[in-house]
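Dear colleague,

I am passing on the structure below, and I would be glad if you could look through it before reading my notes. The notes follow directly after it.

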Amino acid sequence: MATRKAADHTLYHLSPKGFWKKFRDAVVVNPEISSGIPVVSLNRYPQPGSRPEEYSTPATKASDPAQNPYWKRDVRRAYPRLSVVTQTELSSLLIQHSEAQQAVTAPAEGEQADKTSVPVTTPEPVDLTVAIATIISARKAYSESKLPPKLPTAFKRWTPVRTQDAPHDSNAYFPMLLYK
């Protein structure tokens with residue numbers, strides 16, 4: 001004989017006793033349904049709030065008021081800081097960058113032998129237009145073999161490719177062309 005497996009609704013829930021059981025049986029539409037009140041000792045063990053010790057927040061650097069002033073924590077006043085690059089700084093950066101690229105692409109024969117010491121030189125301040133002109137004259141930025149970078153896109157660009165026409169009468173006017 002096969003037995004039905006079902007959850008016992010009275011196993012983990014309280015049921016009324018005495019007068020309230022009679023009252024519930026008379027008033028409730030389905031007296032077999034659970035009361036919904038869990039048995040405390042069976043529902044969660046250990047029960048919440050039953051532990052004698054109390055939680056204490058661990059001490060951190062942020063909990064020390066001397067090392068955590070309000071102005072460091074106040075994110076409403078965390079304004080963006082301005083950064084200023086002058087034209088002379090920009091021109092020196094451009095020249096240094098172009099020299100580094102040229103040294104990497106075509107090192108001289110004397111530099112290959114001595115790689116341990118790299119002399120650090122501070123370039124003289126140069127006007128920005130002069131710096132751009134010298135960099136452009138040294139080498140061409142883009143050519144047909146070296147194209148500028150493209151923006152990355154999440155989709156491929158569609159290129160139309162003609163496919164076989166849909167079945168139709170060869171003598172009928174059929175202006176539709178199919179592309180893949």
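Does Lys21 count as buried, partly exposed or exposed, and at what relative accessibility? Please keep in mind throughout that this is a predicted model. Lys21 counts as partly exposed, because its relative accessibility is 41%, and buried would require under 20% while exposed would require over 50%.

Lys21 is also one partner in a salt bridge with Asp25, where the closest N and O atoms are 3.5 Å apart. Both residues belong to helix α1 and are separated by 4 residues, which is about one turn of the helix. Asp25, for its part, is partly exposed at 37% relative accessibility.

Helix α1, which covers residues 19-27, also holds Phe23. Together with Phe19, Trp20 and Val27, Phe23 makes a nonpolar surface patch of about 480 Å², and Phe23 itself is partly exposed, with a relative accessible area of 42%.

As for charged pairs in general, side chains of opposite charge can pair when their charged atoms come close. The count of salt bridges in the model comes to 4, and among them is the one between Asp74 and Arg76, at 3.2 Å from N to O. In that pair Asp74 is buried, with a relative accessible area of 7%, whereas Arg76 is exposed, with 58%.

Another salt bridge joins Arg162 to Asp165, with the closest N and O atoms 3.1 Å apart. Here Arg162 is partly exposed at 45% relative accessibility, and Asp165 is likewise partly exposed, at 34%.

Notes: Residues numbered from 1 in each chain as written. Predicted model: local features only at pLDDT ≥ 70, side-chain atom pairs only at ≥ 80, totals over all residues. Heavy atoms only, no water. Patch = residues over 30% accessible without salt bridge, like charges linked within 9 Å, V, L, I, M, F, W, Y side chains within 5 Å. Areas by Shrake-Rupley, 256 points an atom, 1.4 Å probe, with all protein chains shown as cover. Salt bridge = Lys/Arg side-chain N within 4 Å of Asp/Glu carboxyl O. Helix = DSSP H or I, 4+ residues; strand = E, 2+ residues; numbered from the N terminus. Buried < 20%, exposed > 50% of the residue type's maximum accessible area, 1.4 Å probe, protein only.
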